[in-house]
Amino acid sequence: EVQLVESGGGLVQPGGSRTLSCAASGFTFSNFVINWARQAPGKGLEWVSGLYSDGKTYYGNSMLGRFTISVDKTKNTVSLQMNNLKPEDTAVYYCGIRDISVLGRMRDYWGQGTQVTVSL
């Protein structure tokens, strides 16, 4: 059974940095897509960043240049480094992994989320 557990959330001041981690158990990083998404209070789910198994990374416009997504396959851990945080980055952040089988079947897994609050 695949389980994703996010950690690293908390209170951070504007302009500060935070690294979110996502521990993936029961999963083998072979052909995959990693996504981070967030949900701010009273708003819908917003895609933040993606990382493909070929190493290519993608970011939402407001995150470009501030956030960095990475994966450590030896530790089965996905990370999201966030710099120059702004109050509008306040949200629950979710880690997701899409597993793509050799036959092309896709299965998505999501964690329970971790709260990031950017405030003085």
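**Aromatic rings and a buried glutamate**

Modeller: In this predicted model, one aromatic cluster is formed by Phe27, Phe29, Phe32 and Tyr109.

Colleague: How many aromatic pairs does a search of the whole structure find?
Modeller: The search covers the whole structure, and the number of aromatic pairs found is four. Phe27 and Phe29 form an aromatic pair with 5.0 Å centre to centre and 85 degrees between the planes, which is edge-to-face. Both of these residues, Phe27 and Phe29, are buried. To return to the number asked for, the aromatic pairs found are four.

Colleague: Why is the pair of Tyr52 and Tyr58 classed as it is?
Modeller: The ring centres of Tyr52 and Tyr58 are 5.6 Å apart, and their planes stand at 80 degrees. Planes over 60 degrees apart count as edge-to-face. The angle of 80 degrees therefore makes the pair of Tyr52 and Tyr58 edge-to-face.

Colleague: Which side chain of opposite charge is nearest to Glu6?
Modeller: Glu6 is found in strand β1, residues 3-7. Glu6 is buried, yet has no salt bridge. A salt bridge requires the charged atoms to be within 4 Å. The nearest side chain of opposite charge is 13 Å away and belongs to Arg38.

Colleague: Which backbone nitrogen atoms does the side chain of Glu6 approach?
Modeller: Contacts of Glu6 beyond four places in sequence include Trp36, Cys95 and Gln112. A polar atom of the Glu6 side chain lies 3.0 Å from the backbone nitrogen of Gln112. At 2.7 Å, the Glu6 side chain also reaches the backbone nitrogen of Cys95.

Colleague: Which residue of β11 stands opposite Val12?
Modeller: Strand β2, residues 10-12, pairs with β11 in the parallel sense over three bridges. The covered face of β11 holds Thr114, Val116 and Val118. The residue opposite Val12 in β11 is Val118.

Colleague: What is the bridge partner of Val92 in β11?
Modeller: Strand β9, residues 91-100, runs antiparallel to β11 and is joined to it by three bridges. The uncovered face of β11 consists of Gln115 and Thr117. In β11, the bridge partner of Val92 is Gln115.

Terms used: Residues are numbered from 1 along each chain as its sequence is written. This is a predicted model: local features need pLDDT of at least 70, side-chain atom pairs count only at pLDDT 80 or more; totals for chains, interfaces and linings use all residues. Side-chain values use heavy atoms; hydrogens and water are left out. Rings of Phe, Tyr and Trp (its six-membered ring) pair if their centres lie within 6.5 Å; planes under 30 degrees apart count as stacked, over 60 as edge-to-face and the rest as tilted. Buried means under 20% relative accessible area, exposed over 50%, partly exposed in between (1.4 Å probe, protein chains only). Helices (H or I, at least four residues) and strands (E, at least two) are DSSP runs, numbered from the N terminus. Lys and Arg count as positive and Asp and Glu as negative; His and the chain ends are not counted. A polar contact is a pair of N or O atoms within 3.5 Å; within protein, one must be able to donate a hydrogen and the other to accept it, and residues adjacent in sequence count only if both atoms are side-chain atoms. Contact means heavy atoms within 4.5 Å. Two strands pair if DSSP finds at least two bridges between them.
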